[in-house]
Amino acid sequence: MKAKEVFEEWQNANNLPDYLKDQLDTLGKDEKWIEDAFGQDINFGTAGMRGRLEPGTNRINLFTVGRVTEGLARLIDENGEEAKKRGVAISFDSRYHSREFAEHAACILGAHGIHVYLFDDLRPTPELSYAVRHLHTFAGINITASHNAKQYNGYKVYGEDGAQMAPENADRLFAYAQKVTDIFSVKAAPVQELRANGTLQLIGEDVDEDYLNELKQVTVDPEMVKANADKLKIIYTPLHGTGKMLYDRAFRQGGFDNVIPVPSQSIIDPEFPTTIKPNPEYRDVFKPGFKLADEVNANVIIATDPDADRMGAAVRKSDGDFQVLTGNQIATLMAYYLLVHMKESGKLTSDYEIVTSVVSSALPFKIAEDFGIKTKHVLTGFKYIGEEVDRMKKAGDAKFLMGFEESYGYLFKPFARDKDAMQGALMFAEVASYYASKGMTVFDGLQEIWKKYGVAYEITKAIEMPGIGGQKKMAALMSKLRDEHLSEINGVKVNKIQDFLKKETIENGNVTPLEEFPESNVLKYFLDDETWVALRPSGTEPVIKAYVGVNKKDIATAEKAAQGYQAALAELLK
Ligand SMILES: O=P(O)(O)OC[C@H]1O[C@H](O)[C@H](O)[C@@H](O)[C@@H]1O
C-alpha cells in the first residue's frame, strides 16, 4: 500500500486518541512527512524499535507498540502454556507516554492470557534485565528511547536470558507483528479484569531489594573504599530519568557516603529541560554538575542516561578544569583497576575474559593481554556480550571479567545481561577511590596508563542521514565502499579490511572467510600506522557512524591524527 493510502486509513480510524489526531492534522500537511511516517513499518534495530512519538507506521505510538506486542504475544503463544505462565516483565522510563505504552502492552499480553509483571513506576533498563532472569519470565519489554532526544520513544525486547532478544526470536516476533493486518483492532484486555484474575501483577520494591542486593557484588575492594570514603566527593546526575530510583541506596550500600545529586537534573521530567539530548556522551549535560562540583569542591561527576543503562563521567584535572571522559576511556580505567586489584590480591587467573565490540577501543585488550587474560570481540549490541557470558557459563572455557562498548555501556556481574549504568557508576566510583587513595586524580590515572601502554585515542562521529532517503543513502555509501576495497585512508596504507556483511577479510588482495560473527553492515579497516577505522549505519538512530582509533606516543599527536582521519572519512561519506 502507498504511504498516502495508509495515511488516509489512519485519518479514518475511529480509535485514535486526540493528541494523535491533532498531530496527524498538523504534520499531515507535509507530503514528505507522510512518505516518511507511513512509507514503511518501523524496523527492529540494534536495540528493538525506536522512533519519533508521532502517528504513523514508521513511528512510535500506541498502535505500533500494540502491533509489536501482539507479535510478541503470538511468539509466546507458539511456545505453549508454560511460556504463557512464565510471562513477561515490563518496565518503562521517564519519557512521554512511556507508562501508557507499558500498560497498553500489559493489556495486550493479558488478552492472550499471558502473565505480566508490570513495574509500579519507572525503573532502570538493567533492573528489567535482572527482573527477567530473577522472575524466570519468558521475555521482557522496556519502554524507553534510552538517551535520544525528548521527541523519541522506543521499545526494547528481552529474551529469557535477560539480554536483548537475539536476532532469531526478534525476527520471528517482527514477522508475527507484520501479520497484524488491522493495527487499530489489536485486542487489549481491561486492566481491572487482569488485576482481578491475577494475570497482571505489579512489582517494584520487592525486585529493587533483590537487585540492590546483587549490586553489592560489584565493588571488589570494599575495605579500600571504606578507608578512603572521606577523600572522595561525587556529584551524580540521573539526567531526569530512572537512575533517580536507586542511586542513593546503591552508592550508600557500596560505601560511597559522599554522593551529592544535581538538584535540577534529579527531577523526573520527560522534557529533559537541562539538556538538548540526555546523553552522557555530551559535555553539555554536565554543565549543572560542573557548577555544583565547584561549589562543593567535588572532583568526579557521574551521569546516567534516562534509562540508566549508559554511564558517563567527568573528572577534574590538576589544573582545576573538568575533562569529560569517553566511554572507551572509562572502560580502560575500569579494566586496568580491576586487573591491578585482582593481580595484587592473588585472584587473577588466566581464564578471565574481557568482551567488547569491534568498534570499541583496542587499549583495554592491550592491557588484558599484558595481564595474560583472554579477550573477545563481538558486534555492536550488548546482547552479543550477553551471549558470550552464556557461552562462558555453558562451555566453562572462561570467567567473565567485564564487558563494555564505546557507547558508554559496561557490565561486570552478569546478574543483568544488558549494560548496567548502576554497576558502571559503582565501579567508576571505586576507580576514583583507588586514585584518591594514592593522592592522584582519575585523570592522572589515565595518563599513567597511557604512559605505560601508549595513547589510544578514539573519536566516533555520527553523520545524520534522516528519513527513508537517508536510509537509501547510507545503503548506497556502504555498498560503494564495500566494492571499492580502499587501499589507503588519509594517505595511510590499508593493510586489512574486515567486511562483516560479506563475512570476508581482505588482506594483500587475498580474500578469506570471516566466520566468527553474524552478518552485519560494518566495514573495518586496519591501517599501516596501527590506526583502525570502522563504518556502520546505526541500528538505533538515523545516522551513519564513523569510528577512528589511533595509537600514538602522546595525546597531542593522537588527537591530531584522529581528527585527520575523521576529516578524511567525512569526505568519503559525502
Ligand atoms: O550504534 P547503534 O546501533 O546506534 O547502537 C548504539 C548502542 O545502542 C543501544 O544502546 C544498544 O543497547 C547498545 O548495545 C549499542 O551499542
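1. Let's start with the salt bridge between Asp351 and Lys399, whose closest N and O atoms sit 3.6 Å apart in this predicted model. The two partners come from distant parts of the chain, 48 residues apart: Asp351 is in the loop between helix 14 (327-344) and strand 12, and Lys399 is in strand 14 (residues 399-405). Asp351 is partly exposed at a relative accessible area of 28%, and Lys399 is also classed as partly exposed, at 34%.

2. How many salt bridges does a search of the whole structure find? The count comes to 38. As background, side chains of opposite charge can pair when their charged atoms come close.

3. Next, have a look at Glu31 and Lys4, which form a salt bridge with the closest N and O atoms 3.4 Å apart. Glu31 belongs to helix 3 (residues 31-38) and Lys4 to helix 1 (residues 3-12), so this pair ties together parts that are 27 residues apart in sequence. Lys4 is partly exposed, with a relative accessible area of 36%.

4. Then there is Arg59 with Glu54, where the closest N and O atoms of the salt bridge are 2.8 Å apart. Are these two residues buried or exposed? Arg59 counts as buried because its relative accessibility is 6%, under the 20% cut-off. Glu54 is buried too, with a relative accessible area of 8%.

5. Ser360 deserves a paragraph of its own. You'll find Ser360 in the loop between strand 12 (352-357) and helix 15 (363-370). Its relative accessibility is 2%, so Ser360 counts as buried. The Ser360 side chain makes a polar contact of 3.2 Å with the side chain of Thr356, and a polar contact of 2.8 Å joins the side chains of Ser360 and Ser357. Leaving aside residues up to four places away in sequence, Ser360 touches Asn328, Phe404, Glu405, Glu406 and Trp532.

6. Two backbone angles to check by eye. Ala308 is not a glycine, yet its phi is positive, at about 50 degrees. Ala308 sits in the loop between strand 9 (300-304) and strand 10 (311-316), and with a relative accessible area of 0% this residue is buried. Lys503 is another non-glycine residue with a positive phi, near 55 degrees. Lys503 is placed in the loop between strand 18 (492-499) and strand 19 (504-507). Its relative accessible area is 30%, so Lys503 counts as partly exposed.

7. Now for Gln178, which is in helix 8 (residues 167-178). Is Gln178 buried or partly exposed? With a relative accessible area of 41%, Gln178 is partly exposed. The side chain of Gln178 is joined to that of Asp41 by a polar contact of 3.0 Å. Gln178 and Glu70 are 108 residues apart in sequence, while their C-alpha atoms are 9.6 Å apart in space.

8. On the overall layout, the domain assignment of the protein gives domain 1 (3-203), domain 2 (230-453) and domain 3 (455-573). The C-alpha centres of domain 1 and domain 3 are 34 Å apart. Across that pair, ten residues of domain 1 are in contact with seven residues of domain 3.

9. What is the area buried between domain 1 and domain 3? The figure is about 660 Å², and carbon and sulfur atoms give 46% of that. On the side of domain 1 that touches domain 3, the residues divide into one nonpolar, six polar and three charged. Despite those charged residues, the salt bridge count between domain 1 and domain 3 is zero. One residue pair is in polar contact between domain 1 and domain 3, with both residues at pLDDT 80 or more.

How values were computed
Residues numbered from 1 in each chain as written. Predicted model: local features only at pLDDT ≥ 70, side-chain atom pairs only at ≥ 80, totals over all residues. Heavy atoms only, no water. Domains from an automatic or database assignment. Contact = heavy atoms within 4.5 Å. Buried area = accessible area lost by both parts, 1.4 Å probe. Salt bridge = Lys/Arg side-chain N within 4 Å of Asp/Glu carboxyl O. Polar contact = N/O pair within 3.5 Å; in protein donor to acceptor, adjacent residues only side chain to side chain. Nonpolar A, V, L, I, M, F, W, Y, C, P; charged D, E, K, R; others polar. Helix = DSSP H or I, 4+ residues; strand = E, 2+ residues; numbered from the N terminus. Buried < 20%, exposed > 50% of the residue type's maximum accessible area, 1.4 Å probe, protein only.
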